[in-house]
Amino acid sequence: MAYSDKVLDHYNNPRNVGTLDKSKKTVGTGLVGAPECGDVMRLQIEVDDETGVIKDAKFKTFGCGSAIASSSLATEWLKGKTVDEAVAIDNMEIVEELNLPPVKIHCSVLAEDAIKAAINDYRVKNDMEALEFEEGIVH
Amino acid sequence: MSTLVSPIYLDNAATTPVDPRVLEAMIPYFTNKMGNAASRNHPFGWAAEDAVDLARTQIANLIGASSPKEIIFTSGATEADNLGLKGVADMYARRGNHIITTVTEHKAVIDTCKMLQKKGVDVTFLEVNEKGMITPEQVRAAMTPKTILVSIMMVNNELGVRQPIEEIAKVTHEGGALFMTDGTQAVGKIPVDVNAMGIDLMAFTAHKMYGPKGVGALYVRRKRPRVKVTAQMDGGGHERGMRSGTLNVPGIVGFGKAAELCALDMEKDHAHVSKLRDKLEAAFLEMEEVYLNGDPDARTPYISNLSFKYVEGEGLMMGFNQEIAVSSGSACTSASLEPSYVLKALGLDDELAHSSIRFSFSRFTTEEQVDYAIEKVRKSVERMRELSPLWEMYQEGIDTSTIEWAAH
């Protein structure tokens, strides 16, 4: 399978790889996927208390090149967005940006799930109710 | 001269390059010696027939067959597996309708057996142990008075493990059935003797032993016992009526030459490949959390299957697949998104199954190439582990198997 240039770019130069201190109240962590499915994504956001803006985002991913690229792109998009704006990121935007083939759409779904899981972790830590999301595409 | 012309090919279990000596032998049979081996009344036909006869003898010699007539040419090992399994099921239907095979066979055997199941044949798929091995006792226990055929591959294409087929053949014969083996990854690489090993039918192919693609063979025993298979294609009655169709003369000539060279160079090639395999494995097994798949004590040196735990196979390969060609058991390399059924059959941890890479060697692989591959792959593994949340958990002492993953 040939990869798109954008997938290759994120794979070769992944943005925002790393770990934020998950014990901090301002950090939300989303861990999604499962080793048995061949991909696990951990996506973290750090939110500015005052403004509600995501000031940092980090990821680590066990998975194929498309999964790595999807999570790398997600961290890029998250930075500078408010939490409310971040909730609206849709997996199909990732598919379009990275030009993912149909067989790799589940990688983008996983990235969307990771964003939402990180946001909910942040909300729960800060005494807000977890948001309810529609079930992701079964993948 | 450097052999580091990128990309480097370490996927020889998929196919090998044609040996230049093989190609040279084939060329005339495309052009001035283009006759049809079935043309009995002019020199073009005679020349083609002579060439096919020579190839048949070369191949029969390589596998210790009693007669060249026992070699039935096909389009490859898949067709030979089909012909052997379906041909025996049809021919011996009155004697019984039970076939025994294993869960780690090539798809050419598994799917053919599933097809036969739909037609009412009873098939037992034996499970392998955690090293990929079958025991003769398992076969004995599965045999019934209705068993007509036991088909167990000699060398597994993903793991390189060699089954104890001599003992299995013995048990099979004691139970009154025929023994067939898929010899695709074995013939030309390790000694094969159909008489000493008790093989009644064997599928194999040219393109895994430095011959061309598109030509293979089914060995069909003619004496003690005389085995027959029902043809699966109708036509001119070529190959003693078992496989119709004009013979692929240049391909067969190449197959024959490849067999002759393999017989000649087997020890030398084996020693060369063993040295390279040992070097590659030693380098990788020195790394943390790298595991060898398959029984280390029952393998050919041509295939090495390793799991680089906490990195995903396709993601890993992407780091070097412009420079090094290998194959992965990871789900993502297959359209089905299922990890390798062979690795799953060993009962491997999911992380290990998804983390596997198969390296396979040939007589043309050089030490320089192996050194380069070691370096590239090691760097890629280190880089991917920096990216892996599972690796981070492992380093923090968290057992990832205790986490409740949200299955998706």
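**Note on the predicted model of chains A and B**

1. Three salt bridges are counted between chain B and chain A. The model discussed here is predicted, and the values below should be read accordingly. One salt bridge pairs A:Lys60 with B:Glu392, where the closest N and O atoms lie 2.9 Å apart. Polar contact across the interface of chain B and chain A extends to 13 residue pairs, with both residues at pLDDT 80 or more.

2. On the side of chain B that touches chain A, at least two residues each come from helix H9 (313–318), helix H11 (350–354), helix H12 (367–386) and helix H13 (389–395) of chain B. Sorted by class, this side of chain B comprises 14 nonpolar, eight polar and seven charged residues.

3. How many residues does the contact take from chain B and from chain A? Chain B supplies 29 residues and chain A supplies 31 residues. The size of an interface is often expressed as the accessible area lost when the parts come together. For chain B and chain A, the buried area is about 2700 Å², and carbon and sulfur atoms give 64% of that area.

4. A parallel pair in chain B is formed by strand S5 (residues 147–151) and strand S6 (residues 178–182), which are joined by three bridges. B:Leu149 has B:Leu178, in S6(B), as its bridge partner.

5. Four strands of chain B make an open sheet with antiparallel pairing, in the order S9-S10-S13-S12. Strand S9 (290–292) and strand S12 (327–328) of chain B are at the edges with a single partner strand each, and therefore one side of each has no neighbour in the sheet. S12(B) and strand S13 (residues 356–360) of chain B run antiparallel and are joined by two bridges. B:Ser328 is placed opposite B:Ile357 in S13(B).

6. Which helix packs on this four-stranded sheet of chain B? Helix H8 (residues 249–285) of chain B does so, touching S9, strand S10 (303–308) and S13 of chain B. The direction of H8 makes about 10° with that of S10(B).

7. Over all chains, the structure holds 33 salt bridges. One of them links B:Glu367 and B:Lys275, with the closest N and O atoms 3.4 Å apart. This pair connects distant parts of the chain: B:Glu367 belongs to helix H12 of chain B and B:Lys275 to helix H8 of chain B, and the two are 92 residues apart. Helix H12 of chain B also supplies at least two residues of the side that touches chain A, while helix H8 of chain B packs on the four-stranded sheet.

8. The peptide bond from B:Ser6 to B:Pro7 is cis, with omega near -5°, and B:Pro7 is placed in the segment before strand S1 (8–9) of chain B. B:Arg224 and B:Pro225 are likewise joined by a cis peptide bond, with omega about -10°. B:Pro225 sits in the loop between strand S8 (216–220) and H8 of chain B.

9. In chain A, A:Asn99 has phi near 60°, a positive value in a residue other than glycine. The location of A:Asn99 is the loop between helix H4 (91–98) and helix H5 (105–125) of chain A.

Conventions. Residues are numbered from 1 along each chain as its sequence is written. Chains are lettered from A and ligands numbered from 1 in the order in which they are written. This is a predicted model: local features need pLDDT of at least 70, side-chain atom pairs count only at pLDDT 80 or more; totals for chains, interfaces and linings use all residues. Side-chain values use heavy atoms; hydrogens and water are left out. Contact means heavy atoms within 4.5 Å. Buried area is the accessible area (1.4 Å probe) that two parts lose on being put together, summed over both. A salt bridge is a side-chain nitrogen of Lys or Arg within 4 Å of a carboxyl oxygen of Asp or Glu. A polar contact is a pair of N or O atoms within 3.5 Å; within protein, one must be able to donate a hydrogen and the other to accept it, and residues adjacent in sequence count only if both atoms are side-chain atoms. Ala, Val, Leu, Ile, Met, Phe, Trp, Tyr, Cys and Pro count as nonpolar, Asp, Glu, Lys and Arg as charged, and the others, Gly among them, as polar. Two strands pair if DSSP finds at least two bridges between them. Axes are lines fitted to C-alpha atoms, for helices over the stretch in contact, and angles run from 0 to 180 degrees between N-to-C directions.
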